[in-house]
Amino acid sequence: MTKTPNISFEFFPPQTLDASFRLWETVQMLAPLNPDFVSVTYGAGGTTRKLTHEAVGAIANNYGLNVAAHLTCVDATRAETMEIAESYAAAGVTEIVALRGDAPKGSERFTAHDDGFTSSVELIEALAATGKFKLRVGAYPEPHPDAADTLADVRWLKRKIDAGASSAMTQFFFEAETFLRFRDACVKEGIIAPIIPGILPIQSWDGTRKFAARCGTQIPAWLDDAFASAKRDGREELLATALCTELCDTLMSEGVDDLHFYTLNKPHLTRQVCHALGVSPQIALQNVA
Ligand code: FAD
């Protein structure tokens, strides 16, 4: 039988009643695929602190999933950030995605709180010292806007791993080679921790384009052309499913075992891609047995 990937899903915490229903529908549709873990984001500027906590607890309690809570350094003292981490530990959460975070709304660049962690490395060191969490971190196959180049990103990632992180999930990208080049660069710098590709099923090309521009993700010209034709024919979803499946398939043929899906709390495309890769509720049950 062809090997199926280990999968994980990213969700964001809901801010409205309507969004709550969407999240629960998403979790309900994807949980039967037996993900290794799911993660819940922390709003830019630390804006969803309470909502993230509630969503993490509700997903873990109602679905028995292994949930990693995202945590950033933005707009909080060290003591406040560690208090949040301790409240996760008390709630039985054992995984944290430790991030520096972006600047709060209205600011150009990340600036640490006067008494706050000044970088992701400091946060990771402090969380690792508690001995209570498995720590995951972000990684950037295309240079992060704050990085001089890819080598700077890779060297910084090495520092995050050395500080106590055990794996990294990448920013999304459109072409497999982008990830594979980055993986090679990581190996060359001595990183042996798993680097899990972040996969973004394209829910809307216009939205994805804007998101990519903000993250510094290169947009290949052929993708613009492909979505323009698909739009004319009303086949955008078909194209998105085919492209995402092909991307995952290519990565797997290059030895990638784990895939982290950015679901945007919309389950259908992610589920279709997982099914196309051979991950189905039945297979998930067999794996458990
Ligand atoms: P870092 O890895 O610490 O920094 C990014 C890059 O900047 C580094 O690779 C390095 O090149 C450079 N850099 C930063 N600091 C230094 C330094 N002191 N010295 C030298 N170089 C440095 N944002 C949210 O607000 N909430 C979330 O829930 C969230 N989840 C995410 C999940 C994933 C998987 C990813 C990839 C990103 C996520 N983000 C989230 C976005 C993230 O907060 C931003 O990309 C942020 O700008 C960087 O955070 P980081 O911890 O990855 O940064």
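Colleague: Which atom of Lys 160 lies 2.6 Å from an oxygen atom of the ligand?

Modeller: It's a polar side-chain atom of Lys 160. Keep in mind that this is a predicted model.

Colleague: And what makes that a polar contact?

Modeller: The cut-off for a pair of N or O atoms is 3.5 Å, and the Lys 160 pair is at 2.6 Å, so it counts as a polar contact. His 144 uses its side chain too, with an N or O atom 2.8 Å from a ligand oxygen. Arg 100 goes through its backbone, where a polar atom sits 2.6 Å from an oxygen of the ligand.

Colleague: How much of the ligand does the protein bury?

Modeller: Taken alone, the ligand exposes 960 Å², and the protein buries 83% of that.

Colleague: Which elements give two or more residues to the shell around the ligand?

Modeller: Strand E3 (67-72), helix H5 (150-162) and strand E6 (167-172). H5 gives the most, with 4 residues. In total, 23 residues surround the ligand, and the closest are Tyr 42, Asp 102, Ser 120, Asp 153 and Lys 160. Split by class, that shell has 9 nonpolar, 8 polar and 6 charged residues.

Colleague: What do the 8 strands close into, and in what order?

Modeller: A barrel, running E1-E2-E3-E4-E5-E6-E7-E8 with parallel pairing. On average, neighbouring strands of this sheet are turned by 30° against each other, ignoring direction.

Colleague: How do you know that E7 and E8 pair, and in which sense?

Modeller: Pairing takes at least two bridges. Strand E7 (residues 195-199) and strand E8 (residues 258-262) have 2 bridges, in the parallel sense, so they pair. Ile 199 stands opposite Phe 261 in E8.

Colleague: How many bridges join E1 to E8?

Modeller: 5 bridges, with the strands running parallel. Phe 261 turns up here as well, as the bridge partner of Phe 9. Then there's strand E2 (residues 37-40), which 4 bridges join to E1, again in parallel. Glu 10 stands opposite Ser 39 in E2.

Colleague: Why is strand E1 called largely enclosed by the rest of the structure?

Modeller: Because 5 of the 6 residues in E1 (residues 6-11) are buried. Strand E5 (residues 134-139) is called largely enclosed because 5 of its 6 residues are buried. E5 also pairs with strand E4 (residues 95-99) in the parallel sense over 3 bridges, and Lys 134 in E5 is the bridge partner of Glu 95.

Colleague: Why is Thr 72 called buried?

Modeller: Buried means under 20% relative accessible area. Thr 72 has 7%, so it is buried. Thr 72 lies in strand E3, and a polar atom of its side chain is 3.4 Å from the backbone nitrogen of Val 74.

Colleague: What about Thr 81, buried or exposed?

Modeller: Thr 81 has a relative accessibility of 1%, so it counts as buried. You'll find Thr 81 in helix H3 (residues 78-90).

Colleague: How far apart are Thr 81 and Ala 148?

Modeller: They're 67 residues apart in sequence, and 28 Å apart in space from C-alpha to C-alpha.

Definitions and conventions
Residues are numbered from 1 along each chain as its sequence is written. This is a predicted model: local features need pLDDT of at least 70, side-chain atom pairs count only at pLDDT 80 or more; totals for chains, interfaces and linings use all residues. Side-chain values use heavy atoms; hydrogens and water are left out. A residue is near a molecule or strand if one of its heavy atoms lies within 4 Å of it. A polar contact is a pair of N or O atoms within 3.5 Å; within protein, one must be able to donate a hydrogen and the other to accept it, and residues adjacent in sequence count only if both atoms are side-chain atoms. Accessible areas come from the Shrake-Rupley method with a 1.4 Å probe; for residues, only the protein chains shown count as cover. Ala, Val, Leu, Ile, Met, Phe, Trp, Tyr, Cys and Pro count as nonpolar, Asp, Glu, Lys and Arg as charged, and the others, Gly among them, as polar. Axes are lines fitted to C-alpha atoms, for helices over the stretch in contact, and angles run from 0 to 180 degrees between N-to-C directions. Buried means under 20% relative accessible area, exposed over 50%, partly exposed in between (1.4 Å probe, protein chains only).
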